[in-house]
Amino acid sequence: MAKTEYMLQTESVIKQYRQSDSVITAVNRANIKIEKGEFVAIIGSSGSGKSTFLHICAGLDRANAGRILIDDTDITKMNADALGRFRGEKMGFIYQKHHLIPQFTALENILLPTVMCNKSDASYQESLRELVECLGLSERLHHLHSELSGGQCQRVAIARALINNPQILFADEPTGNLDRTNADEVLRLLLKIRETRGQTLMMVTHDLDIAAKADRIFRMDNGILSLDRDYIRGNKKTVDSF
Amino acid sequence: MFERIWEYLSRHIKIAFKSVFFNFKQYSCFFAAIFIIQLLFGMMAISATNNNSVAYDQIAEEYKYHYVIRNLTPGQYDWLKEYGKNDAGIIDKNRQTYYILTEEDGMPPIVRKNVVENKEEYDVFIRFGKLDRDTGKMQSIDKIKEYCDRFEKNYVSKLASLEVGYATPNFTTERTLLLDYESRVAANTATFAVIAVVLLALSIFLLTSIYNIRLNQYKFTYGIYMTFGADFKMLFATAFWEMFVIMLATFIPAALVSTLVVFLIYLPSGFKFAFDFTMILLLFVFSTLVVLISVIMPMFVTSKRRPMSLIVTEDNSNLVTSPRKSFNLLGKSFPGHYEMYSLWRFRKYNIQLLTSAIIFCALFICGLYLANIYTTDLNYPRTQFTIEINDEATIVDTYSASFSESIQGINAQFREDFKEELQKFDKDGEKFSETFNAITGIEPTGNATPKPGDLDEKEGPTTEARYIQSFLLVNNKDVKPFATGFIAYNREDVADKPYEGEGSYKVTNNVVYKAVDNNNRDDLLAFLSQYTIEGDVNKIFESTPEKQYVIVGDSISNISTFNFKEGDKIVAATKIGQATEVDSNLTGTNLLRAQIMCYYYKYTELEVCAVIKDIPSGSVPVYVLNHQEYNSATNQKVDVNAAYKDITGREALTTKLNVYTYDAKYGEKDVFQMTDEHITYIENALRKMISEDRRNSTGAIVVTDLNQLAENNIKEDEHYSELYVAISVLILCISPIIWFFSQILYYFKREKEFNIIQSMGANGSDIRKIYLIGGISMSVLSFIVSIVLSYLASYLMFYAYNVIVPSFSGEYVRYTFYMPWYALVIAVVMSVSCGFFSAYLPYKSYFKNRYSLENGGGGKDDE
């Protein structure tokens with residue numbers, strides 16, 4: 001039997017915030033293992049700590065305790081610069097709000113990660129063409145974000161997250177700011193590209209319909225992460241793998 | 001390779017260009033700041049180039065010769081003259097390497113009659129090599145120095161042997177500044193380097209400050225950059241290229257404007273204006289260096305933060321600080337209490353803003369202080385001539401009373417010879433021409449700082465206390481608070497018998513004892529009359545062994561230290577033996593403390609009869625009577641204790657005379673001004689006087705024209721004053737840039753908070769009050785901070801010029817502390833108005849474009 005290859009593993013991740021005299025535990029000993037190519041959704045009520053956990057897994061925020069391994073590399077031991085470079089190479093991130101840089105056109109926003117990772121022009125041409133075509137952005141590439149619709153902005157944000165062809169994609173409610181039609185369309189495109197490229201996806205969402213498309217669903221409740229057994233699709237994954 | 005470099009550059013410059021010009025308002029402050037920095041440096045660099053050519057022009061104008069030999073005998077002069085001819089004596093390879101300049105060349109008369117010996121003396125002015133007067137440049141200064149060295153070696157040494165009657169050479173030699181042109185250039189270059197370093201630090205401080213402010217308001221962008229892989233190097237690169245683009249945009253205008261400003265400053269001075277392209281290159285390098293260093297620290301700190309902390313930047317903590325505060329947000333104390341709390345909530349920002357903005361006002365005051373200080377310099381008495389009256393062969397006895405008479409004679413002769421000139425300044429009832437004294441004071445002195453072996457000779461009318469292990473006991477009440485250089489006098493620590501006088505005492509050895517001689521009473525009175533005196537100076541001549549009077553200065557290192565009044569008592573301690581050796585490694589007050597514990601002392605009580613309020617000094621001067629007869633006029637011939645010798649153990653033998661001449665206040669008009677002709681007249685008269693008095697004993701007589709040197713320096717530096725004023729004004733302009741930039745961003749970020757408050761029930765009037773309270777409170781704070789910082793800056797400059805500079809140069813010129821009030825008013829008005837209007841402008845903008853509740857009250861996007 002072939003050994004399971006994990007893209008993301010967390011061990012007892014704890015995140016606490018100090019407010020005046022009290023300590024709030026946003027993430028409480030969270031453990032998760034996500035296989036390469038797997039799509040995992042995390043659901044939970046507002047303030048349950050799911051976004052915080054996602055940020056920590058992507059190295060955008062710091063955990064108070066615990067280990068996070070991305071492709072068997074412990075990112076909690078990395079310094080800020082090394083983590084930045086690692087993030088640029090291995091990870092992609094989609095925020096709920098598109099967070100496009102206003103002075104740049106759609107194309108420039110998409111290419112931002114290639115600049116940050118110092119990639120040569122030749123290295124991303126194919127990926128760019130594929131993304132632009134797939135996300136239907138070819139007509140809007142030279143527009144500023146103020147000239148794009150919400151859905152188009154989010155599609156640009158997806159292209160930006162995928163331009164470096166990351167191994168794992170983190171999405172923090174990527175359709176949260178969109179209406180149902182736009183949300184479905186954006187999600188469809190995102191999942192299509194992910195599937196084509198075989199990338200791992202970890203998504204935080206409120207929307208159970210979206211979560212239902214995932215291979216596994218985890219629930220975050222008051223900082224405690226647990227596998228939501230009700231939504232295991234077709235017994236694709238077993239409880240043991242958790 | 002080149003393709004990658006091109007790719008890198010084009011990407012970064014494109015990103016930088018778009019960032020800067022898309023968000024022009026955010027970056028407008030940087031345009032202004034970098035432009036000012038470039039302007040400042042450009043002006044400094046271009047004026048430095050010009051100063052070098054000006055320095056040469058001034059020297060070349062003043063000195064047409066490289067070398068001067070004074071007081072030659074006719075025989076020596078003839079020998080030199082003959083050898084100066086091309087066809088006589090001088091070996092071929094040195095042909096035409098020196099020329100004796102004559103009156104035809106515009107030199108002063110070289111022959112002077114020595115009245116005493118009834119023969120002529122000659123001054124010889126020599127020029128080496130060739131000087132290209134057309135180009136205004138020296139011809140091979142190294143070659144000229146070589147000629148000079150050879151001349152000294154081969155000819156000057158022979159001059160001495162030509163006159164067998166003299167034990168030591170009677171002539172003096174002097175190399176002029178024309179030979180030391182390079183050292184002047186080097187000094188200018190060093191000054192420029194120091195100023196450049198200071199400017200670099202200042203510029204980095206300014207740019208770092210405003211970059212931090214911008215970063216704090218727009219950290220979201222950097223959070224996104226970091227999300228997608230940016231490390232410190234990448235963040236630094238993005239920031240640097242942004243600044244570089246701005247620097248490029250302002251470079252040419254700044255270079256042009258700075259050239260124009262310096263040109264306009266030099267134009268009225270009549271100096272030749274020189275343009276050096278290297279300086280423009282230097283400006284480019286300097287600007288690049290400034291923008292490069294300025295962004296390192298902000299970007300380094302940013303790179304250490306987690307991207308999410310940069311992306312999530314909302315701060316409406318006023319609204320949710322505590323449930324009670326949130327519930328009562330719009331209570332009775334709103335908005336006063338609310339905004340005062342905001343002041344505290346953003347305290348770090350406010351402190352940073354106040355200090356960084358107002359520090360430039362303080363620097364403005366420093367600049368004006370600097371511009372003014374050169375001219376203040378000449379308003380204080382300064383030695384015009386120094387006359388050495390001893391030589392190695394002969395120990396001269398005490399300063400002769402006949403000197404005083406000779407001085408009176410010189411003054412009388414001067415009045416006679418320049419009667420017509422002086423009469424022009426006669427006014428009704430005041431005969432200026434009859435009372436005028438060209439020589440205003442004679443100060444007998446000696447080697448105040450002993451050389452090795454000097455102490456053994458036990459001579460000198462001035463003695464520094466610390467060199468003879470003496471010290472002064474001063475009653476605590478007479479010492480001002482914060483005075484330095486004192487230790488408490490603890491009677492229990494004293495080796496032998498302590499001083500038993502009443503009260504508590506402090507001890508210092510920063511004292512110089514000066515002998516007062518009854519024979520030269522008039523000279524002393526004339527000399528001291530140059531200063532502000534409290535008390536009766538004449539009383540010192542009424543000293544008796546029972547009651548010794550002293551005249552005392554009020555300062556140490558030019559800082560007023562004592563509260564002395566007439567009748568106060570001071571005590572001089574004189575070493576008479578020792579219990580144990582003192583550790584030779586000790587210095588300063590530790591040494592003094594150890595001496596008090598190890599040595600035996602006797603104590604001489606001295607009553608203060610007069611206090612000199614503004615005498616320049618490193619150590620406090622204490623004038624003590626020396627003469628053996630306390631009242632020769634009454635012919636009482638009473639032997640009194642010669643207090644000076646009693647305290648110092650040294651004979652008061654004068655080895656040097658400081659001569660002070662009449663000097664109109666600098667810049668004063670319609671008063672008699674001494675010209676070079678008058679100074680030369682006095683110089684010759686003094687030489688004659690010294691020759692008559694010391695004909696059998698004296699060797700070299702050095703008469704140095706110090707005051708002329710100082711005046712020349714000031715005239716040379718006049719354009720500096722204008723430059724400092726221009727630079728100060730530019731520095732002042734930085735302050736409003738920081739104010740408006742910071743406050744506009746600050747209030748812009750708070751607009752969302754104001755919208756939320758409005759959604760909770762606050763009305764427009766409340767928001768207006770918030771802006772108003774913010775503006776007024778910043779005005780009040782800036783009023784306080786600007787006064788404190790301005791006072792501090794003035795005092796620091798005063799301290800630097802009065803204490804630090806003299807401690808290096810050894811020349812004490814005392815400046816009284818003054819606050820440039822007009823500058824203070826400008827700084828305070830600028831700070832207060834900036835504090836208010838930097839809140840008022842965002843207020844106007846908010847109400848003009850406010851996001852009302854119709855569009856959600858959510859304010860603008862962070863991005």
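How many residues of chain B are in contact with how many residues of chain A? In this predicted model, 26 residues of chain B are in contact with 24 of chain A, where contact means that the C-beta atoms of two residues, placed from the backbone, lie within 7 Å. Local features need pLDDT of at least 70 and side-chain atom pairs count only at pLDDT 80 or more, while totals for chains, interfaces and linings use all residues. Residues are numbered from 1 along each chain as its sequence is written, with chains lettered from A and ligands numbered from 1 in the order in which they are written.

**View 1. The side of chain B that touches chain A.** Helices H1 (2-22), H6 (219-227), H7 (232-266) and H10 (307-311) of chain B each supply at least two residues to this side. Helices (H or I, at least four residues) and strands (E, at least two) are DSSP runs, numbered from the N terminus. H1(B) gives the most, with seven residues.

**View 2. Strand E21 (residues 620-625) of chain B.** Six of the six residues of E21(B) are buried, meaning that 20 or more other C-beta atoms, placed from the backbone, lie within 10 Å of a residue's own. One side holds B:Val620, B:Val622 and B:Val624, and the other holds B:Pro621, B:Tyr623 and B:Leu625.

**View 3. Partners of E21(B).** Strand E14 (residues 511-516) of chain B runs parallel to E21(B), joined by six bridges; B:Ala515 stands opposite B:Val624. Strand E16 (residues 548-553) of chain B pairs with E21(B) in the antiparallel sense over three bridges, and here B:Val552 stands opposite B:Val622. Two strands pair if DSSP finds at least two bridges between them.

Note on methods: Buried ≥ 20, exposed ≤ 12 C-beta atoms within 10 Å, placed from the backbone.
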